[in-house]
Every structure is written in C-alpha cells, then in structure tokens.
Amino acid sequence: MAAVRYFLGAVWSYGVSLPLYVMWSLIVSSARAASDFVYPRGYRPCNELVDAFAEECANRPAGQFVRLSWVNSSATHSLVMNNTGRLLSYVAIASGWFGVAIKNSGTQYQPKLTYRYYYRRSLTGNWFAEIWSVPKSGFFAAALAIPFVDMARDVMRGRTFVKQDSFSIGEGVPLPGYEGLMLLMAGLLLVICFLPRAILGRGTHLAAIAPINGGAFGGYGCAQVINWTAAMAGLSYLWLAMGAEWDVGAVVNFIASGFSAFASEFMASMAEPGPHVLLMIPVVIAAGILFGMAWTVIPAAAFWYVSLRFIAARNAKAQLEALPFNSAQAAMYLGSDFEKLAELRAPQVTLGYLVYIGQMVGIILYPIQTWVRSLF
C-alpha cells in the first residue's frame with residue numbers, strides 16, 4: 001500500500017504539479033516581462049559612472065585592463081576591458097553614443113542593481129533608444145514578423161490557397177479579410193520597436209555595445225542587423241496593409257477561432273493527462289520560441305560576423321581619429337583586435353554586404369520594390 005501511495009504521489013508531483021508550476025511560472029514571468037517592456041519603471045540615469053570610466057579607458061597605459069563600473073547584481077563575473085574594449089568604449093562615450101541607467105530593486109542592505117543601456121547619452125532613459133540584446137531583439141522580431149509571413153504572401157497574390165488533402169496543391173479562394181488589420185498591427189509594432197533603434201545604431205552600434213555588461217546569456221553583437229531587418233519587414237507589412245481590406249469582424253473571428261482551437265487541443269490533452277503529455281507542454285513552448293528566434297538570430301549573426309562588423313569597425317576607427325588622440329591610445333590600437341577588424345580588406349566583407357543589401361531589398365522589401373519597378 002505504501003508503494004502505491006508513493007507511486008501515485010510521484011505521478012502527481014512530476015506528472016501534474018511540476019508541469020503546471022512550470023507553466024504558471026512562465027505565464028507570470030512573461031506578464032512581468034511584458035509590463036516592464038512596455039512601461040519600465042525605477043531606472044534613473046547614472047552617466048557620472050560613464051565619465052569616470054571613459055577617463056580610465058583613455059589615459060591608462062596600454063595593456064592594462066579597466067574594470068566596468070556597472071555590473072548587474074545577477075552577473076556571475078565582473079567584466080574587464082582589454083585594449084579593444086577600452087578604445088571602442090572611449091569612442092562611444094566621448095562621442096555621446098552611450099548612456100546608462102540604473103535601477104535598485106533590492107533593500108538597503110541587499111541592493112539588487114540592474115542597468116539598461118542607450119544609444120545616446122542625451123536619450124538615457126528613453127525606451128526608443130534602449131540597446132536591446134540579441135535574444136531580446138530576436139524574440140520580439142520573430143514574434144511580430146514570422147507569424148504574418150503567410151498573410152503577407154496571400155495579400156500580394158490576392159488570394160489564399162486551401163488544400164483539400166495532403167496531396168493536393170491547393171485551391172485559390174478569396175482572402176478571409178482579416179489580413180489587412182493583422183498586418184497593420186504587426187507592421188506598426190515592428191516599426192515602433194525596431195526602426196528608432198536601427199537609426200540610432202547606424203554607425204554607432206559596434207562602439208556602443210563595447211562598454212556593456214553582456215551578462216551570462218546572449219550578447220549585443222548582431223542585434224543591429226535584427227533591428228534593420230525587423231524594421232524593414234514592418235514597413236513592408238504596413239505597405240501591404242494599406243492596400244488590403246480592414247475587416248474588424250474577420251479579425252475577431254480569426255482570433256476567437258484560434259483560441260478555441262488551442263483550448264480544444266489543451267482540454268483534449270488534459271482528458272488523459274499522462275505525465276509525458278503534461279511534461280511536454282512547456283518543452284514544446286520553449287522549442288517553438290527557440291525555433292522562431294533561430295530564423296532571425298542565425299542569419300543576422302552570419303551577416304554580422306562575416307561582414308558587417310568589419311565595416312562598423314572602420315566607422316569606429318574614423319570616429320576615433322576625429323577625437324582627441326594621445327600616445328596611450330595609439331599604443332593600444334597597434335596590434336589590437338580593433339586594428340585587425342578595421343584594417344581587414346577581404347572579399348567576404350564586400351560580398352557579405354552586397355548579399356545583405358540584396359536580401360534586404362529583394363526579400364524583406366519585396367512588396368515595395370515590386371511597386372517601384374511597376375512605375376517604370
């Protein structure tokens with residue numbers, strides 16, 4: 001009897017209680033993250049730390065490491081800057097390309113410090129100028145862009161295809177009517193979230209991310225590529241939405257039917273709640289999120305690390321030469337990774353940039369460039 005009770009308790013704990021707890025934790029953390037994303041509270045500018053840090057980066061002898069003055073309380077280690085980090089940090093701070101804000105959400109005896117970073121010192125605290133990490137940019141770009149790709153394709157064709165069975169190509173039928181408003185909402189959100197960051201990060205992103213505490217997950221490298229791609233996708237969605245039908249009733253029916261189908265599937269899986277079924281729910285959700293992010297992060301990382309960061313390093317070098325330049329900085333530049341990036345002249349840099357522009361114009365902005373070509 002004791003063995004039966006132990007078995008039933010284990011099934012309840014690991015098959016029902018644990019998956020429900022994980023799902024509830026995901027819902028609560030997502031709600032908090034969404035609230036903080038839309039309305040960040042408690043952050044105040046602390047650019048006095050930036051000034052002292054820039055002074056150290058500029059004047060310490062070459063080869064000495066400079067420790068960051070701002071590190072999240074949750075960080076596992078304190079970040080130190082080598083010659084390349086010092087030079088790029090000096091460029092960003094001296095040019096006014098970097099600002100930092102702090103939030104203390106702990107107590108007097110146990111402070112919990114978190115920081116946010118901005119593309120302009122003068123815009124410190126402005127949500128539109130905040131520097132997003134690669135995971136954050138990739139997540140929101142995927143969530144706002146990928147689900148609407150099929151809708152955009154249907155609007156361009158003027159019809160949608162419905163398959164009768166798994167072997168048929170599909171029969172063209174008129175559009176249901178919800179595509180216009182859905183594309184309009186997605187396009188507006190993409191433009192609002194990413195276009196200001198893309199513009200502010202143009203020519204400044206590589207230097208601006210140098211003095212950032214990257215943390216244990218992610219980074220900031222190819223976020224600028226994601227910003228531009230998502231912003232251009234938003235413009236294409238808006239362009240298509242302007243010529244599509246805006247049917248509020250169709251949008252409501254589409255959302256209601258989607259929730260109804262999800263609820264039916266969920267209740268069907270709960271009818272016979274085997275441990276494997278409940279345990280797979282958070283796994284499937286996490287896998288779906290990672291799969292969507294992969295479609296944005298992997299291509300962006302390829303363009304950034306193969307080509308675009310070298311072009312960004314050349315811009316940073318030009319800015320460094322335009323600033324007050326002392327012998328310590330000259331010694332830091334020689335032999336540094338910064339010099340290798342800025343001085344590299346290789347075919348893949350130009351080719352990668354041309355491919356990047358080609359996919360931006362030929363794929364992301366295809367609806368707009370098609371209309372432009374039709375004028376001639």
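**Exercise 1. How do the residues lining the second largest pocket divide by class, and which helices supply them?**

Step 1: The lining of the second largest pocket divides into 21 nonpolar, four polar and two charged residues. Here Ala, Val, Leu, Ile, Met, Phe, Trp, Tyr, Cys and Pro count as nonpolar, Asp, Glu, Lys and Arg as charged, and the others, Gly among them, as polar.

Before going on, note that this is a predicted model, in which local features need pLDDT of at least 70 and side-chain atom pairs count only at pLDDT 80 or more, while totals for chains, interfaces and linings use all residues. Residues are numbered from 1 along each chain as its sequence is written, and side-chain values use heavy atoms, with hydrogens and water left out.

Step 2: Of the 27 lining residues, V149, A233, Y237, I363 and I364 lie nearest the centre of the pocket. (On a 1 Å grid over the protein atoms alone, a pocket is an open set of points where a 1.4 Å probe fits, with protein on both sides within 12 Å along at least five of seven lines; lining residues have an atom within 4 Å of a point.)

Step 3: At least two lining residues each come from α4, α5 (149-157), α8, α10 (275-322), α13 (347-364) and α14 (366-374). Helices are DSSP runs (H or I, at least four residues), numbered from the N terminus. The largest share, eight residues, comes from α8.

**Exercise 2. At what angle do α4 and α8 pack, and which residues meet?**

Step 1: Helix α4 (residues 134-145) packs on helix α8 (residues 223-242) at about 15°, and their axes are 9 Å apart. Axes are lines fitted to C-alpha atoms over the stretch in contact, and angles run from 0 to 180 degrees between N-to-C directions.

Step 2: The two helices, α4 and α8, are therefore roughly parallel (under 35 degrees; 65 to 115 is roughly perpendicular, over 145 roughly antiparallel, and the rest oblique).

Step 3: On the α4 side, V134, S137, G138, A141, L144 and A145 meet A223, I226, N227, A230 and Y237 of α8; contact means heavy atoms within 4.5 Å. By class, this contact of α4 with α8 has eight nonpolar, three polar and no charged residues.

**Exercise 3. How do the axes of α13 and α14 cross?**

Step 1: These axes, of α13 and α14, come within 5 Å and cross at roughly 80°. So α13 and α14 are roughly perpendicular to each other.

Step 2: V361, G362, I363 and I364 in α13 meet Y366, P367 and Q369 in α14. The contact of α13 with α14 holds five nonpolar, two polar and no charged residues.
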